[in-house]
Structures are given as structure tokens and as C-alpha cells.
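Have a look at the sequence and the model first, and then read on.

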Amino acid sequence: MDFNFMINDVVQTARKEMEEAGYESLTTPEDVEKVLGGEGTTLVMINSVCGCAGGIARPAAAYMRNYEKKPDRFVTVFAGQDKEATEKARSYFTGYPPSSPSFALVKDGEIQRMVERHEIEGHEPIEVVQQLEKAFDEYCE
């Protein structure tokens with residue numbers, strides 16, 4: 001099997017999961033600037049093709065769409081795929097090293113809470129959900 005064919009299939013599946021969960025894909029730096037540079041709260045899911053993204057982060061991300069308190073927007077950038085968009089998103093995550101998968105809650109252009117890979121990998125999806133719920137309770141209307 002051709003590696004590029006296989007990885008493209010994995011990437012498309014990962015993108016589709018996020019879109020079906022109701023997340024907007026930001027694929028350019030301009031998309032990111034338009035969303036994160038504005039007012040309101042935004043949950044950014046930094047997607048990747050690793051196992052902890054598929055088995056923990058994406059299920060947690062999908063679940064968060066149903067939580068009673070919500071940010072204004074749910075978006076995703078894809079590390080390793082949409083490199084410039086991911087780099088632009090990470091420019092908002094001041095004080096945090098690049099990490100994927102991860103989640104960032106941004107309010108009015110400022111990072112409020114980051115859930116990094118080390119808080120995802122090796123954990124259960126419900127543990128990630130609980131971290132995000134706390135952030136939503138604190139920063140979302």
C-alpha cells in the first residue's frame with residue numbers, strides 16, 4: 001500500500017470526524033486571524049493523526065458540543081497538514097509550546113486555558129472532557 005495514499009485517508013477521516021462533530025476547519029492563516037482575532041470565546045482543537053487524537057481528543061471534542069455552557073465557536077486546525085494555519089493559531093497560545101493534539105480556549109484573542117498533549121495522551125476521554133467542562137464553566141456564558 002502506498003504510504004501517501006494511506007496517510008491521506010487517515011487525514012480525511014480525521015477531518016471528517018471534526019466536521020461531523022460541528023467544528024469549522026481553519027485551513028489558512030487568514031481563517032485563523034478572522035476567528036481568533038475577534039471577540040468572543042473559541043475552542044480550538046489542534047488535530048493530528050496520532051492514536052491519542054483519534055481515541056481520546058476527537059471523542060472529547062465531539063462530546064463538548066453537547067455541554068450546557070459553550071464557547072461562541074468550535075474550530076479546528078490540523079497540525080502537520082495545514083501548517084501555516086496551525087502556526088498562526090499557535091501564535092495565540094502564548095506561553096505554551098506546540099502540542100498536538102491539544103485544545104485551546106481563546107477569549108477575545110487571548111488564551112484562557114490550554115489542554116496539552118500530556119494531559120490527553122494516556123488519559124481517558126472523560127478526563128479531557130472534565131478539564132474542558134471546567135474551562136467552559138469559567139469562561140463561557
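A residue counts as buried when its relative accessible area is under 20%. Keep in mind that this is a predicted model. In helix α3, the buried residues are Cys-52, Ala-53, Ile-56, Ala-57, Arg-58, Ala-60, Ala-61 and Met-64.

How does the length of this helix work out? Helix α3 covers residues 51-64, and at 1.5 Å a residue its 14 residues should span 20 Å; the C-alpha atoms at its ends lie 19 Å apart, so the two values agree. The helix also has a kink of about 35 degrees at Ala-57, shortly before the proline Pro-59. Ala-57 is itself among the buried residues of α3.

Now to the aromatic rings. The model has three aromatic pairs, and ring pairs join Tyr-23, Tyr-67, Phe-74 and Phe-136 into a cluster.

| Pair | Distance between ring centres | Angle between planes | Class |
|---|---|---|---|
| Tyr-67 and Phe-136 | 6.3 Å | 55 degrees | tilted |
| Phe-74 and Phe-136 | 6.2 Å | 65 degrees | edge-to-face |

The second pair is edge-to-face because planes over 60 degrees apart fall in that class.

Both pairs link distant parts of the chain. Tyr-67 sits in the loop between α3 and β3, and Phe-136 in helix α5 (residues 125-139), 69 residues apart. Phe-74 belongs to strand β3 and is 62 residues from Phe-136.

Phe-74 is buried at 5%, and Phe-136 is buried at 0%.

How values were computed
Residues are numbered from 1 along each chain as its sequence is written. This is a predicted model: local features need pLDDT of at least 70, side-chain atom pairs count only at pLDDT 80 or more; totals for chains, interfaces and linings use all residues. Side-chain values use heavy atoms; hydrogens and water are left out. Helices (H or I, at least four residues) and strands (E, at least two) are DSSP runs, numbered from the N terminus. The expected span of a helix is 1.5 Å times one less than its number of residues. The bend at a residue is the angle between axes fitted to the seven residues ending there and the seven starting there. Buried means under 20% relative accessible area, exposed over 50%, partly exposed in between (1.4 Å probe, protein chains only). Rings of Phe, Tyr and Trp (its six-membered ring) pair if their centres lie within 6.5 Å; planes under 30 degrees apart count as stacked, over 60 as edge-to-face and the rest as tilted.
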